[in-house]
Amino acid sequence: MAKKDERFVVDYRQEGMLTETKILIDRKTGVNYLYYQSSNSGGLTPLLDREGRPIITTVFEGLE
């Protein structure tokens, strides 16, 4: 489980032989991010809806 003081929560994780995909949620803003890593490189980007706005998850103070 995540510690209370950690900024991000992992909402989804998929792993392959040399790849890893995660969806992270920022506890303070609720913005969802996609993280992708392949071998020794990777990237992070906000998830966007059809109108180009960031996808936001409701953030609960007691989320652990």
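I found an open sheet of four strands in the order 1-2-3-4, with antiparallel pairing. Strand 1 and strand 4 (41-46) stand at the edges with a single partner strand each, so one side of each has no neighbour in the sheet. Neighbouring strands are turned by 20 degrees against each other on average, direction ignored. For that angle, axes are lines fitted to C-alpha atoms, for helices over the stretch in contact, and angles run from 0 to 180 degrees between N-to-C directions.

I noted what counts as a strand: a DSSP run of E, at least two residues, while a helix is a run of H or I of at least four residues, both numbered from the N terminus. Two strands pair if DSSP finds at least two bridges between them. Strands of a sheet pair through backbone hydrogen bonds, either parallel or antiparallel.

I then looked up the bridges. Strand 1 and strand 2 run antiparallel and are joined by seven bridges. V10 stands opposite L24 in strand 2. Strand 3 and strand 4 also run antiparallel, joined by six bridges.

**Ground rules**

I number residues from 1 along each chain as its sequence is written, and side-chain values use heavy atoms, with hydrogens and water left out. Since the model is predicted, local features need pLDDT of at least 70, side-chain atom pairs count only at pLDDT 80 or more, and totals for chains, interfaces and linings use all residues.

**The whole chain**

Which secondary structure does the chain have? I counted zero helices and four strands. From the N terminus on, the elements run β-β-β-β.

Of the 64 residues in the chain, 17% are buried. Buried means under 20% relative accessible area, exposed means over 50%, and partly exposed lies in between (1.4 Å probe, protein chains only). The accessible surface comes to about 5100 Å², and 52% of this belongs to carbon and sulfur atoms. Areas come from the Shrake-Rupley method with a 1.4 Å probe; for residues, only the protein chains shown count as cover.

I also checked contacts, meaning heavy atoms within 4.5 Å. Among contacts between residues at least 6 apart in sequence, 22% join residues at least 24 apart.

**D26**

Next I looked up D26, in strand 2 (residues 19-26). Is D26 buried or exposed? D26 counts as buried because its relative accessibility is 4%.

I found a polar contact of 3.3 Å between the side chains of D26 and T29. A polar contact is a pair of N or O atoms within 3.5 Å; within protein, one must be able to donate a hydrogen and the other to accept it, and residues adjacent in sequence count only if both atoms are side-chain atoms. The side chain of D26 also has a polar atom 2.8 Å from the backbone nitrogen of K28. Leaving aside neighbours within four places in sequence, D26 is in contact with R7, F8, V31, Y33 and V59.

E20 counts as buried because its relative accessibility is 15%. Its side chain makes a polar contact of 3.5 Å with the side chain of R13. Not counting residues up to four places away in sequence, E20 touches R13, Q14, E15, Y35, Y36 and Q37. E20 and S38 are 18 residues apart along the chain, and their C-alpha atoms are separated by 6.6 Å.

E15 lies in strand 1 (residues 8-15). E15 counts as exposed because its relative accessibility is 56%.

**The aromatic pair**

How many aromatic pairs does a search of the whole structure find? I got one. The rings of F8 and Y33 have centres 6.1 Å apart and planes at 80 degrees, so the pair is edge-to-face. F8 is in strand 1 and Y33 in strand 3 (residues 32-38), 25 residues apart, so the pair links distant parts of the chain. Rings of Phe, Tyr and Trp (its six-membered ring) pair if their centres lie within 6.5 Å; planes under 30 degrees apart count as stacked, over 60 as edge-to-face, and the rest as tilted. F8 counts as partly exposed, at 39% relative accessibility.

**The turn at S39**

Last, I looked at the hairpin of strand 3 and strand 4, which has two residues between the strands. S38 has S41 in strand 4 as its bridge partner. S39 is in the loop between strand 3 and strand 4. It is partly exposed, with a relative accessible area of 45%. S39 has a positive phi of about 60 degrees although it is not a glycine. Most residues other than glycine have a negative phi.
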